Amino acid sequence: MESLRYKHLYRIFQAQGRVPKRETAGAAKKSSQEGDPKAMPTAVSGKGLEGIVAANSGICWIDGEAGVLSYRGIDIHELAEHSTFEETTYLLWNGILPNHLALREFQSQLSLARSLDRRLIDMLRNVPKTAVPMEVLRTAVSALSFYDVDEKDNSHDANVRKSYNLTAQIAMIVAVYDRLRKGREIVPPDRSLNHAANFLWMLNGVKPSETAVKTLDMALVLHAEHELNASTFAARVIAATLSDIHSAITGAIGALKGPLHGGANEGVMRLLYAIDKAGADPVEYVKGMLAAKQKISGFGHRVYKTEDPRATHLRKMSEQLGKDAGQTKWFEMSRAIELYINADKKLNANVDFYSASTYATLGIDIDLYTPIFAISRIAGWTAHVIEQLDDNRLIRPRAEYLGPAYPAPYIPMDKRG
Ligand SMILES: CC(C)(COP(=O)(O)OP(=O)(O)OC[C@H]1O[C@@H](n2cnc3c(N)ncnc32)[C@H](O)[C@@H]1OP(=O)(O)O)[C@@H](O)C(=O)NCCC(=O)NCCS
């Protein structure tokens, strides 16, 4: 028998008069104040926890109306222009910017953590060749705990040590798996290179250009943290059960993979390729998609009601890189789509829209775009896990019950229709 979708089931129960009338948040609050023990005191009226404040945090501040994003109070525009991934990660983990010495130590610790257990590499060799990098990353990060000496230690200090390892290792896993699936030799890490440069080196086996390193480094800064986005929230929920940091990050990677979250950057590039392959006009193509009620990857945001400040930098990067490479096609198509959707739907490009054409111009394969998001967001995920555990309480919300009214009868088998 085909299983019924939730909405369908709800409509059946409603038609049978078995579902109590849905209470609004205001009414539920009022009846709870009047002492009705069955009332849910904080019933949600919107879906998807929109607008709900679910944690205290000192890591990231966003003003969605004004398009402001800041890490530890520092504006993202300043960080994009002046910082590096290493310095930004230090800031996220420690709350302050490092001085010269602290940054040097941080860089050296991160590069020393560039090591993968041989058994993990064997695992990567043996995954089916059809496995996409995001699935492989999710599974490999879970397995990293087997080989971490701090595996059983959930203390603050051990989690900081594990954060260095995870940050270094996630980038390595993505590069190593990509080489293995293409039948290429693994490139050993180069500890003299920064995080972005080492990733490109291990991925391509050639020393990356200064432009490529600078571009990727800035993209990593822009993606490093974003308050309680879906993957970070998932990580905090898992950490709050006092499970381990590898479990929290594995869960976060699972959430990031979805096309409504980090997976959107791959969706953008697939769209650009599809338009290109069809030789279609980009605007006419997306008009058709919108008419068919399809969503366009890379547009819209739950929090920003104006331009996503990260998109401002990625747009510039995509344009400049395209010009430098003599390949402006992806930027021009993207810009035409953006102008149309902005005017017609009042939707703004988000972080994923121009990261797609940026990575394409860097010659990176489509299915590595979301893993690259993870290579950066690990900085924010780990900062949040550590913050959660520093002042932990189990995260366990309630659901507004919309099912058959209680008490529903238990109908004996021979009386069921
Ligand atoms: C990011 C996103 C999930 C936010 O979702 P949300 O806050 O739940 O907003 P909704 O999906 O409810 O969208 C609100 C309205 O805008 C429309 N909309 C939002 N994003 C859209 C998009 N990318 N393309 C077309 N329409 C879109 C919805 O269809 C909906 O219209 P309706 O009210 O007429 O039904 C959503 O904008 C989206 O799916 N974007 C595409 C995926 C993406 O780029 N994700 C990365 C986010 S950084």
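**Salt bridges, sheet and patches**

Analyst: Let's begin with R161, which counts as partly exposed at 39% relative accessibility. On this scale, buried is under 20% relative accessible area, exposed is over 50%, and partly exposed is in between (1.4 Å probe, protein chains only). Keep in mind that this is a predicted model, where local features need pLDDT of at least 70 and side-chain atom pairs count only at pLDDT 80 or more, while totals for chains, interfaces and linings use all residues. Residues are numbered from 1 along each chain as its sequence is written, and side-chain values use heavy atoms, with hydrogens and water left out.

User: Which residue forms a salt bridge with R161?

Analyst: The general idea is that side chains of opposite charge can pair when their charged atoms come close. The cut-off here is a side-chain nitrogen of Lys or Arg within 4 Å of a carboxyl oxygen of Asp or Glu. In this case the partner of R161 is D150, with the closest N and O atoms 2.7 Å apart. That pair links distant parts of the chain, 11 residues apart: D150 sits in the loop between α7 (133–144) and α8 (156–181), and R161 is in helix α8. Helices (H or I, at least four residues) and strands (E, at least two) are DSSP runs, numbered from the N terminus. D150 is buried, at 11% relative accessible area.

User: How many salt bridges does the count come to?

Analyst: By this rule, 20. One of them joins the side chains of D117 and R119 at 2.9 Å, N to O. D117 is partly exposed at 25% relative accessibility, and R119 is partly exposed too, at 45%.

User: Where do E266 and R270 lie?

Analyst: Both are in helix α13 (residues 264–278), four residues apart, about one turn of the helix. E266 is buried at 13%, whereas R270 is partly exposed at 45%. Elsewhere, salt bridges that share partners join D178, R181, K182, D365 and D367 into one network.

User: On to the sheet: what order do the three strands have?

Analyst: Strands of a sheet pair through backbone hydrogen bonds, either parallel or antiparallel. Here the sheet is open, with the order β1-β2-β3 and antiparallel pairing. Its edge strands are β1 and β3 (74–75), each pairing on one side only. Pairing needs at least two DSSP bridges between two strands. β1 and β2 have four bridges, with W61 facing its bridge partner S70 in β2. These two strands form a hairpin with four residues between them, and G67 in the turn has a positive phi of about 70 degrees. β2 (residues 68–71) and β3 pair over two bridges, and Y71 stands opposite I74 in β3.

User: Which residues of β1 are on its covered face, and which on the uncovered one?

Analyst: C60 and I62 are on the covered face, W61 and D63 on the uncovered one.

User: And the surface: which residues form the nonpolar patch?

Analyst: Patches take residues with over 30% relative accessible area and no salt bridge, joining like charges within 9 Å and nonpolar side chains (Val, Leu, Ile, Met, Phe, Trp, Tyr) within 5 Å. L4, L9 and I12 make the nonpolar one, with about 210 Å² of accessible area together (Shrake-Rupley method, 1.4 Å probe, only the protein chains shown counting as cover). I12 lies in helix α1 (residues 6–15).
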